[in-house]
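Here's a quick tour of one protein structure for you. Take a look at it first, then we'll go through a few spots together.

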Amino acid sequence: VKTMGNKTSTSEGDKDPDDTLRTPTLTSSTPIVPHQANSESNNGSNKSNSSNINRSQKKSYYSMIKQSYQALVNAIIRPPRCSYELSQLGPNSFNFCGKLFERNDFQLQNPRGLKFECSMWQPISKDRQNAVIPCVIYMHGNSSSRLEALSTLSLVLSLGSSLFSFDFSGSGKSEGKYVSLGAYEKDDLQCVVEYLRASGKTSTIALWGRSMGAATALLHGERDPSIAGMVLDSAFASLMQLAEEMVEKGRKQGMFAPGILVSIVMKFVRSSVQNTADFDIRKLAPIDQADKCFIPALFVAAEDDHFVSMTHSKMIHEVYGGDKNIIIVEGDHNSPRPRFFYDSVGNFLINILQIPEDWVLSEGQNYIRKLPWTYKINSASMRLNSRSIGNSSKVNSPHPVGTTEQQMLQHQPPVASQHSRNNSNITEADMAAILDTYRQKGMSVEEMVSLSLMFGGEELDDMLRESYLAAALAERDANASNTNSNANSNQSSSYNIHNSNNESEIQMQQDVHAKLFDFMSGGGGRGEGGGGR
């Protein structure tokens, strides 16, 4: 820019494209010429302004293309990350079917040096059926997290197995900037398998994956034939096929997506993903490994899955090399699976993990699709004799459960004599110590009541046992009433967690659809006329 007196000269190459959109500033030295007096000059100026505006519009168009393209790439390798609190994983310890279970949270490190967050649920040492027990590794879908595993927890624990789940690197609370839809996630899985085998506490191992997790299981299974079996829910056959199906679906909805443009876009995306996240989307095809995998597999697909259609599962199932079966369920990609699905998976896991029949907690069947810590105290879990159960209806004293733990410890049954309490080997101090131990483990009051009764056994004062039982039954009835009144709200609190966990995944699915067509239409989304070209 050259300044000469009050005049400024700007070369064409240095011209700010935004200058054409600014209102000129008039100063005292700027001559004001009537419009009629300089029409020829004004016409020239109009042409120049029109040319500048066209260049500005072109710049805006290309900016829109660039932004839409980057959004498309991010929809693949950096979808919305599932955010949650550790408290949503439930208590660190809980009573389920008369046994104590605990959850341990820790980190593992993958070959790329990224730490990923893990959780393992298993019975405490004294309640294990054996020192070495089977384990099911659950793997979540894209834009999801280990919270997904909660929907499987009651089933797996009731089989006498442990459950391991984790956030893939790049997902949930784990380290990592990008996801790779199985390409690197299979290395996370390899770390988990090696950890379990090195622990000396795990016998047979099964994999249970959904969507990206199912694809990861397939990619790992081909290189690890020692895996006992796999449950594969909504795996995609290949990423390129998935993209092509999205385009075809968009065309049917009136989106503008000519075939040659789709091909060009996918080449660009492939190159960008490879440069950014270091994996080849064209080679991401679990179906290519399916004929070389001989692990027993149970495939699952949803009839109304419009994100990963059931065609993918059927295609993989058809070429799969090992023993196989396929289940088609109602619902879509994110729907909670029906009860018969869990029954089928339970039978499958018992067979492939070689679980003895007497390990299975039959009472746990009532809690499938529910959270195990919602397990309620009943007479069978309290080890009470038939006389005390029969007399429990005679106890009219108020029970402290539902108020405070201190009130529970201070509670004195109205007709229990000091003599009868003195004859018991279980003192109030003993009871307080027991309850305090398990309160520190995060147990609820009703779970501690159940434990105090089990530890007390036949030596516990009869009237005290009857009092506890009466309160437990009253609470059970109250909970049953509340459950019935809320039956229309998804039958189980696990569903609320499932739906919450899927918010980011649903957003990811919508983003992939939207960004793909946003880019190919220059940000416009639909072609003019909506003709589905």
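How many aromatic pairs does the structure hold? This is a predicted model, and it holds 17 of them.

**Aromatic rings**
- Phe-106 and Phe-164 form an edge-to-face pair, because their ring planes sit at 70 degrees, with the centres 5.8 Å apart.
- Phe-106 is in strand S4 and Phe-164 is in strand S7 (residues 162-166), so this pair ties together parts that are 58 residues apart in sequence.
- Phe-164 is buried, with a relative accessible area of 0%.
- Phe-106 also pairs with Tyr-195: the centres are 5.1 Å apart and the planes are at 35 degrees, so this pair is tilted.
- That pair links distant parts of the chain, since Phe-106 in strand S4 and Tyr-195 in helix H3 are 89 residues apart.
- Tyr-195 is partly exposed, at 32% relative accessible area.
- Elsewhere, one aromatic cluster is formed by Phe-94, Phe-96, Phe-101, Tyr-367, Trp-373 and Tyr-375.

**Two packed helices**
- Helix H3 (residues 185-199) packs against helix H4 (residues 212-221) at about 70 degrees, with the axes 9 Å apart.
- H3 and H4 are therefore roughly perpendicular, and their crossing is right-handed.
- Residues making the contact include Leu-189 and Val-193 of H3, and Ala-217 and Leu-219 of H4.
- The contact residues divide into 5 nonpolar, 3 polar and 2 charged.

**Asn-104**
- Asn-104 sits in strand S4 (residues 99-109) and counts as partly exposed, at 32% relative accessibility.
- Asn-104 and Asn-92 are 12 residues apart in sequence, and 7.2 Å apart in space from C-alpha to C-alpha.

Methods:
Residues numbered from 1 in each chain as written. Predicted model: local features only at pLDDT ≥ 70, side-chain atom pairs only at ≥ 80, totals over all residues. Heavy atoms only, no water. Helix = DSSP H or I, 4+ residues; strand = E, 2+ residues; numbered from the N terminus. Buried < 20%, exposed > 50% of the residue type's maximum accessible area, 1.4 Å probe, protein only. Axes fitted to C-alpha atoms, helices over the stretch in contact; angles between N-to-C directions. Parallel < 35°, antiparallel > 145°, perpendicular 65-115°, else oblique. Left-handed = near helix turned anticlockwise from the far one by under 90°. Contact = heavy atoms within 4.5 Å. Nonpolar A, V, L, I, M, F, W, Y, C, P; charged D, E, K, R; others polar. Phe/Tyr/Trp six-rings, centres within 6.5 Å; stacked < 30°, edge-to-face > 60°.
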